[in-house]
Amino acid sequence: MTQEEDRLNRRRHERIARVKRILRWMPRRSNVHRYPVLKWFAKATFKRSYLWSFRVRAAVPALYAGSILALLPIYGIQLPAAVGLAFLVRANLPILFSLQFITNPLTVLPAYFTSYQVGKVVLALFGVSGPNVNMAEMKAFLDTIRTHDLGVNLKYLATLWSITCLGSLILGVFLATVGAAIYKVAAYEVGVSVKRLKDLQQRRQEAMAQDSATPAAHQTDLKKAPHE
């Protein structure tokens, strides 16, 4: 084995180990029945290989759909929505599902507040102003979503929700674009590395086969020589 082969092999094993560490925290086909919500769709997910594919064509849609969905102000129904989206856009289910934990009880309030501010800034560029909202008002808004108690000021809540959705869409697309670019570069580097390793292995095997064939041909020539 050449030094380059050894280096590429070590990099390959390091990548595999890194992916395995990441997959421990993500749903997989073998343990999908253990996850809430996912276990309801376990049989359906087994039949669709694209849900478990980490190729670019399945991972990139999962990054976009998952990032946008995670930031939308629909906390509480994101997980079943993520499963439905994975089927709809034929995306990687572990990536799309795992991204929903971006918004959790600790991060949901800052995430929605940031989304609202982004949406408000974008609307201001077009001359549309939105109400000023602080963290306390955003918490009340979140509590309204959780309890489904719209109260009397439905128009105000609808305005908050719409602006937050706009900001969530923009932030989600931005995060997904960055993530997709990184994923594509990593996938390209892996593809080049794997192809290079296979080429080196094939050349070495061909050289070994040629070396083993040379003595046999030489011996045949020696046997023929006395009769000539």
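Start with the nonpolar surface patch. Phe174, Leu175, Val178 and Ile182 make it up. Together they have about 390 Å² of accessible area. Keep in mind that this is a predicted model.

Leu175 lies in helix H8, residues 154-224. Buried or exposed, or partly exposed? Leu175 has 43% relative accessibility, so it counts as partly exposed. The cut-offs here are under 20% for buried and over 50% for exposed.

Now the charged patch. Lys43, Lys47, Arg48 and Arg90 gather on the surface as a patch of positive charge. Where is Arg90? Arg90 sits in the loop between helix H4 (78-89) and helix H5 (93-98).

Next, the overall fold. How many helices and strands are there in the chain? The chain has 8 helices and 0 strands. Read along the sequence, that gives α-α-α-α-α-α-α-α. Of the 228 residues in the chain, 32% are buried.

Now helix H3, residues 56-71. Length check: 16 residues at 1.5 Å a residue should span 22 Å. The end C-alpha atoms of H3 are 23 Å apart, which agrees.

And burial. In H3, 12 of the 16 residues are buried, so this helix is largely enclosed by the rest of the structure. Which residues of H3 are buried? Going along the helix, they are Ala58, Ala59, Val60, Ala62, Leu63, Ala65, Gly66, Ser67, Ile68, Leu69, Ala70 and Leu71.

To recap the surface. One patch is nonpolar, and Leu175 is one of its residues. Another patch is positive, and Arg90 is one of its residues. Helix H3, by contrast, is largely enclosed, because 12 of its 16 residues are buried.

Definitions and conventions. Residues are numbered from 1 along each chain as its sequence is written. This is a predicted model: local features need pLDDT of at least 70, side-chain atom pairs count only at pLDDT 80 or more; totals for chains, interfaces and linings use all residues. Side-chain values use heavy atoms; hydrogens and water are left out. Patches are made of residues with over 30% relative accessible area and no salt bridge: like charges are joined within 9 Å, nonpolar side chains (Val, Leu, Ile, Met, Phe, Trp, Tyr) within 5 Å. Accessible areas come from the Shrake-Rupley method with a 1.4 Å probe; for residues, only the protein chains shown count as cover. A salt bridge is a side-chain nitrogen of Lys or Arg within 4 Å of a carboxyl oxygen of Asp or Glu. Lys and Arg count as positive and Asp and Glu as negative; His and the chain ends are not counted. The place of a charge is taken as NZ of Lys, CZ of Arg, CG of Asp or CD of Glu. Helices (H or I, at least four residues) and strands (E, at least two) are DSSP runs, numbered from the N terminus. The expected span of a helix is 1.5 Å times one less than its number of residues. Buried means under 20% relative accessible area, exposed over 50%, partly exposed in between (1.4 Å probe, protein chains only).
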